Amino acid sequence: MIKLDAKKIGLASLALAIFVQLVTAVSLLSYSYRTKVYAEKNGRIIKLACKAYDPYSPFKGRYIRLSFEEESISSKNLDKESFQNHTKHGERYYFRMEEGADSLWTVRGIRKELPSEDSEQASGKSKGIYIKGKTYPYMLYPSATDIISASFPFSEYYMQENYAQYMDTIQWEDFNALKPILSLYVDKKGQCIQKGLTVLNGTDRISIEEYCRIKIKTP
């Protein structure tokens, strides 16, 4: 009968756990790099206007929680194909984004399934970019029946500790006055990776990290 050494088993389990974590980390880094390259090559970088999520405690831990104007969608702004979809609570949908004159992107369509590039070109909508998200009933204003509420999986923007601590001292009204914009890389399946968060510093638009560096150094 083979006797198993508990200590060796424990070390083997630990080594396996570390190996799995390393493989996962490498896979995520590889995916992020491939998505960035693909998005830059194919012009799939979009910008969304955003605000602080919680007026009472907008900055938590090492990240900023954001909300987006495109989380409240008027059905009046959607294309006719959108009404073939029956949006249900918490289900995944693909949102067709279009760029406006101000370089910000807005939702112009909702699809249950991701359309192929050929079908989009045939319908004359090849300029749109789809991103993945979910729809929810609009609970705040039940009378606004033309409003569709959405959520997107990129609302947490992480920062290094000292920048997050500085941001924690800023009132939400002051943060929103900086007109924050979140840029995203979008892959062909509608999944997004954050490119960066920018804010206004006077008349210049700079990264939130650069903004923090400037303010922390200012006496």
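This is a predicted model: local features need pLDDT of at least 70, side-chain atom pairs count only at pLDDT 80 or more; totals for chains, interfaces and linings use all residues.
**Exercise 1. Which residues does the salt bridge between arginine 62 and glutamate 161 tie together in sequence terms, and how exposed are the two partners?**

Solution. 
1. Start with the distance: the closest N and O atoms of arginine 62 and glutamate 161 are 4.0 Å apart. The cut-off for a salt bridge is within 4 Å, and the pair is listed as one.
2. Place each partner. Arginine 62 sits in the loop between β2 (59–60) and β3 (63–68), and glutamate 161 belongs to helix α3 (residues 161–167), so the bridge ties together parts that are 99 residues apart in sequence.
3. Check exposure. Partly exposed covers the range between under 20% (buried) and over 50% (exposed). Arginine 62 has a relative accessible area of 46%, so it is partly exposed. Glutamate 161, at 40%, is also partly exposed.

**Exercise 2. Where do the partners of the salt bridge between arginine 65 and glutamate 156 lie?**

Solution. 
1. The side chains of arginine 65 and glutamate 156 meet in a salt bridge of 3.1 Å, N to O.
2. Arginine 65 is in strand β3 and glutamate 156 in strand β9 (residues 156–158); the pair links distant parts of the chain, 91 residues apart.
3. Arginine 65 has 22% relative accessibility and therefore counts as partly exposed. Glutamate 156 is partly exposed as well, with a relative accessible area of 28%.

**Exercise 3. Which residues form the positive surface patch, and where is arginine 205?**

Solution. 
1. The patch consists of Lys36, Lys47, Lys195 and Arg205.
2. Arginine 205 is found in strand β12 (residues 204–207).
3. A patch residue needs over 30% relative accessible area and no salt bridge. Arginine 205 has 34% relative accessibility, so it counts as partly exposed.

**Exercise 4. What phi values do serine 103 and lysine 179 have, and where do these residues lie?**

Solution. 
1. Recall the background: most residues other than glycine have a negative phi.
2. Serine 103 is not a glycine, yet its phi is positive, at about 70°. Serine 103 lies in the loop between β5 and β6 (105–111). With 33% relative accessibility, serine 103 counts as partly exposed.
3. Lysine 179 is not a glycine either, and its phi is positive at about 55°. The place of lysine 179 is the loop between α4 (172–177) and β10 (181–186).
4. Apply the exposure cut-off: exposed means over 50%. Lysine 179 has a relative accessible area of 51%, so it is exposed.

Notes: Residues are numbered from 1 along each chain as its sequence is written. Side-chain values use heavy atoms; hydrogens and water are left out. Patches are made of residues with over 30% relative accessible area and no salt bridge: like charges are joined within 9 Å, nonpolar side chains (Val, Leu, Ile, Met, Phe, Trp, Tyr) within 5 Å. Accessible areas come from the Shrake-Rupley method with a 1.4 Å probe; for residues, only the protein chains shown count as cover. Lys and Arg count as positive and Asp and Glu as negative; His and the chain ends are not counted. The place of a charge is taken as NZ of Lys, CZ of Arg, CG of Asp or CD of Glu. Helices (H or I, at least four residues) and strands (E, at least two) are DSSP runs, numbered from the N terminus. Buried means under 20% relative accessible area, exposed over 50%, partly exposed in between (1.4 Å probe, protein chains only).
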